Amino acid sequence: MTLRARLAVALALMLAAAGARPADAAEINFITDFGFNGRHAYFYVAREKGYYKAEGFDVNFVRGQGSADAIKKVAAGVATFGFADAGSLVLARGNDGVPVKLVSIVYARPPQAIFAIKGNGIASARDLEGKTVADTASSSVRLLFPAFAKAAGIDANKVKWVVAEGSALPSLLANGRADAICQFSVGEPLIAAATAPKEIVRIDYKDSGLDYYGNGLIASEETIAKNPDQVRAFVRATVKGMKDAFANPTEAAAIMAKYQKELSPAVIEGETRLVSELAEVKGKPLGQIDPKSIAGTVEVMSANFTLKNPVPPAELFAPGFVE
């Protein structure tokens with residue numbers, strides 16, 4: 001081997017050791033629904049284990065400020081892919097004509113839930129009648145409560161609502177200033193930590209028989225049309241991260257904690273386990289979108305929110321991106 005060849009090999013090894021990005025890697029932005037939380041651990045697993053890099057991506061994680069924010073930024077091209085609530089996407093398309101679609105689903109079951117302190121008189125949905133429930137003004141848990149109440153067979157008008165900041169909800173529950181609070185089911189570890197040593201009760205919307213989707217991966221119609229292979233590759237890498245995280249939540253927690261040091265590994269692990277409860281559907285590939293649940297999502301949102309224009313279910317998602 002010539003001196004020039006040896007130097008070339010040495011340089012290549014140095015670049016590989018330094019984690020240099022392949023020349024053909026695409027640097028893209030991925031935006032979360034809200035902040036960086038334990039429920040996002042599988043994205044970090046996909047990055048840490050090189051699944052994104054193997055597909056030719058150098059992924060920057062962007063902190064989202066809510067599903068509506070993520071949808072707008074994906075539509076504007078600020079982020080190539082995002083993680084957002086399917087219900088929020090119905091509103092975005094119906095009211096603003098935002099050209100964004102779901103390409104894979106993560107929360108295949110309704111994630112909305114209501115939490116109470118165990119032993120304080122709330123053990124089931126029916127016990128909510130006559131009680132005070134606290135939530136933020138625009139929370140989907142509160143806004144979809146009429147649909148949940150109808151499915152659960154309770155009178156929604158017998159529940160009193162108190163508006164509060166999201167960060168204050170756990171303390172309201174712990175101090176007894178609210179009989180119950182609202183949160184996605186994946187937020188249980190944070191609520192449990194805030195209310196300890198008191199035990200909590202979780203009442204899930206999914207247990208009422210409602211069939212609609214929560215969060216999933218989104219992309220703009222332009223990206224879907226022009227770069228379908230890129231969409232398929234991103235979904236493939238993310239699903240690999242999901243599979244690993246669900247199989248070993250402890251490892252997933254350790255990985256994410258390296259990047260988000262303010263998060264407790266125990267909380268990350270707990271949230272990851274709860275995400276798997278929403279994501280894994282028996283007999284179906286992880287991430288696959290079911291047109292029936294898409295139709296259910298549109299139906300629930302149309303019945304509980306005002307839409308300027310109807311949203312045909314087929315326009316809410318792009319099929320064929322989950323292997």
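Reader: At roughly what angle do the axes of helix H12 and helix H13 cross?
Author: H12 spans residues 249–259 and H13 spans residues 265–279. Helices (H or I, at least four residues) and strands (E, at least two) are DSSP runs, numbered from the N terminus. Axes are lines fitted to C-alpha atoms, for helices over the stretch in contact, with angles from 0 to 180 degrees between N-to-C directions. These two axes come within 8 Å, and they cross at roughly 130 degrees.

Reader: At what pLDDT do side-chain atom pairs count?
Author: Residues are numbered from 1 along each chain as its sequence is written, and side-chain values use heavy atoms, leaving out hydrogens and water. This is a predicted model: totals for chains, interfaces and linings use all residues, local features need pLDDT of at least 70, and side-chain atom pairs count only at pLDDT 80 or more.

Reader: Which orientation class do H12 and H13 fall into?
Author: Under 35 degrees is roughly parallel, over 145 roughly antiparallel, 65 to 115 roughly perpendicular, and the rest oblique. The crossing is roughly 130 degrees. H12 and H13 are therefore oblique.

Reader: Which residues of H13 meet H12?
Author: Contact means heavy atoms within 4.5 Å. H12 brings Pro-249, Thr-250, Ala-252, Ala-253, Met-256 and Ala-257. Their partners in H13 are Pro-265, Ile-268, Glu-269, Thr-272 and Arg-273.

Reader: How many aromatic pairs are there?
Author: Rings of Phe, Tyr and Trp (its six-membered ring) pair if their centres lie within 6.5 Å. Planes under 30 degrees apart count as stacked, over 60 as edge-to-face, the rest as tilted. The count comes to 18.

Reader: How many residues apart are Phe-43 and Phe-83?
Author: Their rings are edge-to-face, 5.5 Å centre to centre with 70 degrees between the planes. Phe-43 sits in helix H2 (residues 41–48) and Phe-83 in strand E5 (residues 81–85). The pair links distant parts of the chain, and the separation is 40 residues.

Reader: Is Phe-83 buried or exposed?
Author: Under 20% relative accessible area is buried, over 50% exposed, in between partly exposed (1.4 Å probe, protein chains only). Phe-83 has 0%, so Phe-83 is buried.

Reader: What kind of pair do Phe-81 and Phe-234 form?
Author: Phe-81 is in strand E5 and Phe-234 in helix H11 (residues 228–247), 153 residues apart. Both are buried. The ring centres are 4.3 Å apart and the planes at 10 degrees, so the pair is stacked.
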